[in-house]
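User: Please examine the structure shown below and answer a series of questions on its charge pairs, helix packing and backbone geometry.

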Amino acid sequence: MKIKEVDAEGPPWNPKHEGIPPTWTHKGDGGNAHVWTDGIHAIKRLRPNASKEPVARFAREAQLLAAMAGESELAIVPIVEVRKRAGEIEIVMELLEGNLAEVIGEFAGQPEKAANALLPIVETLARLAVRQRPVHHRDIKPENLLYWQRDGKIELALSDFGCAYLAEDERLTSTHRAIGAWAYRPPEYSVGRVENVDEKGDVFSLGKVFWAMVNGQRHVVFPGPVWFQEEFDLTRQFPTVPKIHHAMVLIAQTCNIRPEKRPTLAQLVENLRHLILPATGKPSLNDDELTSAMLRKEAQREIEYQQRRAFAAQFVFAIHADFLQAIDRLHNDLPQSALFREWFNETQKCGQSQQALVNQVAEHESDAPVSNVFFQKTLLNTRFFPGSGTTPIRFVARIEDLTCRAAASELTIFGNAEGTRADSRYSDGDTVSEPYQSNLVIEFLRKAAMQLP
């Protein structure tokens, strides 16, 4: 389908909306575009005075839809034509009855009905994902799934490819801008540009849409990937519904926080078909219930791990920076000190980088040495220790006299969700426990060094 020029001279425009014929009716808004209707078709036009990126995205969406027009095997809103009116692109589509959000209550407590309606959408996305130049939608939500009501059955069609990712042609997303509606956005899209975009983002969004359909309440969806909390567990809401546990297994798989653990679109197609098929043989409710419970526990562990990892990374970066700054200041404040000079020199040339420490402590959850400096029968040893579900992450700095003429001094900095605190114990027996502040590292090192025999 070619993009054609129409009404070059232009008919009389709506005085309130430049470029819009007065006979058109405003139907709704979507992202950076307005949708109008002439009574027969829906016409999508970019908002006036749009910035450079929305203009580029809209033009690419028009080209993409024009290229897919007439492919009857795709459950996409039928495109009538793509045209230019007075220099502005218009995408002219078949006028459907509404969007999924408006009729989502029709699927409440009916996982098989929801799977039947969603299956053509998943099949379409699966076909687009394996093209020579794969296409990933990246903005799947109920408002972007339009519907016809045919013979008492709701048939869905995919719309709005404004956020679509086209392989080898992704230059429009800024590094730090998140893509897609936040409520249905996969976790990896919330951090801006994804290095390797694939189908797993759409799989996550489809899982949330499926949950919303079975839940059946408009504008309600679970936050982030926390489907496993009791208030979002559909098996508690619909305990007697057949295959409700099977549905929660499917949701658990698609909404895994880790993209690599989600099914592919082709696998999701098969999972939906399996859910739709009539049960054969002995009931498998107990198996589905056990699988759902297992996946719920795994998801809880994964979220807890990710939270620990994120906190540990920030803790390591912050405390390691404070330690290096303290060593640097001690050396600069007293350059004639041979001890401080040795600490400075050894810390500069040995030890792991901050990122290596983060990988060791946060990723592998194992202890990681920072520095180990011997000088004139004294030892400065510093090390990070990972936290767990019951113990906080720790940084320990220990200064001791290897001749055993005095007790060791030790600083322990503890970090967890409740805050960060520091416990200092000196060779003279003095102990201090207080909320952590950056200057505590240098104060400890200076005081402990002075107490060396």
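User: Which residue forms a salt bridge with Arg236, and is Asp233 buried or exposed?

Analyst: In this predicted model, the closest N and O atoms of Arg236 and Asp233 are 3.7 Å apart, and the two residues form a salt bridge. The relative accessible area of Asp233 is 4%. Buried residues are those under 20%. The partner of Arg236 is Asp233, and Asp233 is therefore buried.

User: How many residues apart in sequence are the parts that the salt bridge of Arg446 with Asp333 ties together?

Analyst: Arg446 pairs with Asp333 through N and O atoms that are 3.7 Å apart at their closest. Arg446 belongs to helix α11 (residues 439-450) and Asp333 to helix α8 (residues 285-333), so the bridge joins parts of the chain with a separation in sequence of 113 residues.

User: Is Arg273, which forms a salt bridge with Glu123, buried, partly exposed or exposed?

Analyst: The closest N and O atoms of Arg273 and Glu123 are 2.7 Å apart. Arg273 lies in helix α7 and Glu123 in helix α3 (residues 111-129), which places the two 150 residues apart. The relative accessible area of Arg273 is 35%, and the class of this residue is therefore partly exposed.

User: How many salt bridges does the count come to, and which residues are linked in a network?

Analyst: Side chains of opposite charge can pair when their charged atoms come close. With a cut-off of 4 Å between nitrogen and carboxyl oxygen, the count comes to 25 salt bridges. The network of salt bridges links Arg45, Glu81, Arg83 and Glu90.

User: Are α4 and α7 roughly parallel or roughly antiparallel?

Analyst: The axes of helix α4 (residues 200-215) and helix α7 (residues 265-276) come within 11 Å and cross at roughly 25°. The crossing of the two helices is right-handed. Angles under 35 degrees count as roughly parallel. The relation of α4 to α7 is therefore roughly parallel.

User: Which residues of α7 meet α4, and how many nonpolar residues does the contact have?

Analyst: On the α4 side, the contact involves Val203, Leu206 and Phe210. Their counterparts in α7 are Leu265, Leu268, Leu272 and Leu275. With no polar and no charged residues, the class count for this contact is 7 nonpolar.

User: Why are α3 and α4 classed as roughly antiparallel, and how many charged residues does their contact have?

Analyst: The axes of α3 and α4 are 10 Å apart and pack at an angle of about 155°; because angles over 145 degrees count as roughly antiparallel, α3 and α4 fall in that class. Their contact includes Leu118, Ile121 and Leu125 of α3 as well as Asp202, Leu206 and Phe210 of α4. By class, this contact has 13 nonpolar residues, no polar residues and, as charged residues, 1.

User: Where does His219, with its positive phi, lie?

Analyst: Most residues other than glycine have a negative phi. The phi of His219 is positive, about 60°, although this residue is not a glycine. His219 is exposed, with a relative accessible area of 61%. The location of His219 is the loop between α4 and α5 (234-237).

User: What is the relative accessible area of Lys377?

Analyst: Lys377, a residue other than glycine, has a positive phi near 65°. Lys377 is placed in the loop between β12 (368-375) and β13 (378-385). Lys377 is classed as exposed, and its relative accessible area is 57%.

Technical notes. Residues are numbered from 1 along each chain as its sequence is written. This is a predicted model: local features need pLDDT of at least 70, side-chain atom pairs count only at pLDDT 80 or more; totals for chains, interfaces and linings use all residues. Side-chain values use heavy atoms; hydrogens and water are left out. Axes are lines fitted to C-alpha atoms, for helices over the stretch in contact, and angles run from 0 to 180 degrees between N-to-C directions. Helices (H or I, at least four residues) and strands (E, at least two) are DSSP runs, numbered from the N terminus. Angles under 35 degrees count as roughly parallel, over 145 as roughly antiparallel, 65 to 115 as roughly perpendicular and the rest as oblique. A crossing is left-handed if the near helix is turned anticlockwise from the far one by less than a right angle, and right-handed if clockwise. Contact means heavy atoms within 4.5 Å. Ala, Val, Leu, Ile, Met, Phe, Trp, Tyr, Cys and Pro count as nonpolar, Asp, Glu, Lys and Arg as charged, and the others, Gly among them, as polar. A salt bridge is a side-chain nitrogen of Lys or Arg within 4 Å of a carboxyl oxygen of Asp or Glu. Buried means under 20% relative accessible area, exposed over 50%, partly exposed in between (1.4 Å probe, protein chains only).
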